[in-house]
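Trainee: I have this model open and some time before the next run. Can we go through it together?
Mentor: Fine. Ask away.

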Amino acid sequence: MSVSRRTVLATAAGAAAAVTAAAPAAAAATPAPVPTQRTLRAAADYAVEKLRAVAPAVTAFPVGTKFEKWVHSQNGDWVGGFWPGTLWMAWLHSGDDTFRAQALASARKLAPRQYDTGTHDLGFLFYPSWVTAWRLTGDESWRAGALRAADSLIQRYNPRGRFIRAWGALGDPGNAGRVIVDTMMNLDLLAFASSQTGDGKYLDIAVEHARTTQRVFPRADGSTPHVYDFDPATGAPIGPNTVQGYSPASCWSRGQAWGLYGFTTMYRRTGDPAFLATARKLADFAVGALTPDHVPVWDYRAPQQPHDIKDASAGAITACGLLDLAAATGRPAYREVALRMLTALAETCLTRNSARAEAVVARCTRNRPAEDGVEISLPYADYYLLEGILRVLRPRDVDRAIDLSTV
């Protein structure tokens with residue numbers, strides 16, 4: 001591991017400095033055209049009104065919908081951070097302190113998970129909930145819990161293969177060598193831990209995992225598989241695989257989005273140009289694979305594409321990643337595609353026509369091969385749609401919440 005202490009400490013000096021620092025590059029971007037702003041503001045307003053109606057009755061964590069109603073998990077599964085995160089975004093947009101109180105109450109229910117060593121998804125669980133809570137309130141307990149979650153996450157690191165194991169309990173040999181592209185999105189929790197503690201071990205592990213992912217996941221054309229398997233005992237690569245994509249040779253669109261966003265974030269936290277180059281490679285493939293309606297199909301290489309079912313969640317995540325990438329590269333073309341994607345989601349994928357729908361975004365697909373959650377709503381679609389819209393309309397507020405700075 002070779003990340004210098006200087007690089008680690010340069011990542012961020014702490015919440016106070018991050019919140020009061022100069023606005024991120026995204027804030028200086030050319031404003032979106034007025035009609036686009038109007039469309040996105042109307043979508044955010046709709047989301048706020050939907051949440052205002054639904055949130056008081058939500059006592060656990062939404063994981064997906066069945067007949068347009070949220071199905072809940074008591075412990076949050078892997079998606080528990082997105083409900084409080086969505087409430088935070090609603091608070092930033094509306095200024096309604098009811099959302100703030102609801103976000104804090106929801107996040108508190110994740111407290112037992114900070115000690116969970118059985119999942120790689122601690123970044124998804126704790127960044128949009130506890131890290132954001134600390135950044136917006138300054139309450140030290142949120143920071144401390146997020147750091148404990150980072151301590152749990154690094155226990156899943158395999159130093160022989162230089163990767164963070166995706167699935168399974170630490171002592172379970174099943175899936176012990178399985179890496180998934182989604183993990184790129186959990187690495188920012190480790191970057192946060194190094195920036196807060198001054199201990200480089202967290203960011204070192206994040207960097208090593210990202211380098212391993214960079215080495216084996218992207219194909220020559222910039223597409224990625226969902227899974228890559230290693231021999232857990234030796235670290236030797238075995239080869240690509242999939243669980244949620246069509247095949248090991250296909251390109252699951254949400255996985256591509258996780259990779260695009262995650263590599264851009266790792267560039268912002270380290271300044272390593274190789275991570276930026278990888279993010280651009282993944283972005284260029286995803287943009288090239290978009291259909292004219294700018295809503296991704298669930299897998300860019302499934303046999304029925306471009307006429308296959310959609311995954312609006314992949315669109316929202318991709319749009320956020322492209323906005324980030326536009327700021328990091330200074331290339332407005334990425335921002336222009338992101339604006340078209342957000343506009344398409346706002347115009348064609350919201351639940352406006354249903355009186356019974358509890359979510360904001362429709363047309364999402366969770367796990368097509370398992371026939372699990374096809375054309376439903378998903379909590380991360382709602383979260384990333386709002387994050388993307390606020391990146392355009394209120395970049396300084398989003399920076400306060402999730403830290404858009406670049407070293």
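Trainee: How many cavities of 30 Å³ or more are there?
Mentor: The count comes to two. Keep in mind that this is a predicted model.

Trainee: What volume does the largest cavity have?
Mentor: About 240 Å³. It is lined by 21 residues, and the closest to its centre are Tyr 127, Met 185, Asp 188, Tyr 261 and Tyr 384.

Trainee: And by class, what is the lining of the largest cavity made of?
Mentor: There are 13 nonpolar residues, five charged and three polar.

Trainee: Which helices supply at least two residues of that lining each?
Mentor: Helix 6, helix 8 (187–197), helix 10 (253–270) and helix 14 (379–393). Helix 10 gives the largest share, with six residues.

Trainee: Let's take helix 6. How many residues, and how far does it reach?
Mentor: Helix 6 covers residues 122–137, so to speak 16 residues, and spans 21 Å from first C-alpha to last.

Trainee: Where does helix 6 bend?
Mentor: At Pro 128, by about 30°.

Trainee: Is helix 6 mostly covered or mostly open?
Mentor: Mostly covered: 15 of its 16 residues are buried. Just after helix 6 comes Gly 138, with a positive phi of about 75°.

Trainee: Different topic. How many aromatic pairs are there?
Mentor: The count is 23. One of them is Phe 163 with Phe 230, a stacked pair at 5.0 Å centre to centre with 25° between the planes.

Trainee: Where do Phe 163 and Phe 230 sit in the chain?
Mentor: Phe 163 is in strand 4 (residues 163–164) and Phe 230 in strand 6 (residues 227–230), so the pair links parts of the chain 67 residues apart. Both Phe 163 and Phe 230 are buried.

Trainee: What about Phe 217 and Tyr 228, stacked or tilted?
Mentor: Tilted, with 6.1 Å centre to centre and 50° between the planes. Phe 217 lies in the loop between helix 9 (201–216) and strand 6, while Tyr 228 is in strand 6, eleven residues apart.

Trainee: Why does Tyr 228 count as buried?
Mentor: Because its relative accessibility is 13%, and buried means under 20%. Phe 217 counts as buried too, at 2%.

Methods: Residues are numbered from 1 along each chain as its sequence is written. This is a predicted model: local features need pLDDT of at least 70, side-chain atom pairs count only at pLDDT 80 or more; totals for chains, interfaces and linings use all residues. Side-chain values use heavy atoms; hydrogens and water are left out. Helices (H or I, at least four residues) and strands (E, at least two) are DSSP runs, numbered from the N terminus. The expected span of a helix is 1.5 Å times one less than its number of residues. The bend at a residue is the angle between axes fitted to the seven residues ending there and the seven starting there. Buried means under 20% relative accessible area, exposed over 50%, partly exposed in between (1.4 Å probe, protein chains only). On a 1 Å grid over the protein atoms alone, a cavity is a set of points where a 1.4 Å probe fits but cannot get out, and a pocket is an open set with protein on both sides within 12 Å along at least five of seven lines; lining residues have an atom within 4 Å of a point. Grid points are joined across faces, edges and corners, and a volume is the space filled by probe spheres set on the points. Ala, Val, Leu, Ile, Met, Phe, Trp, Tyr, Cys and Pro count as nonpolar, Asp, Glu, Lys and Arg as charged, and the others, Gly among them, as polar. Rings of Phe, Tyr and Trp (its six-membered ring) pair if their centres lie within 6.5 Å; planes under 30 degrees apart count as stacked, over 60 as edge-to-face and the rest as tilted.
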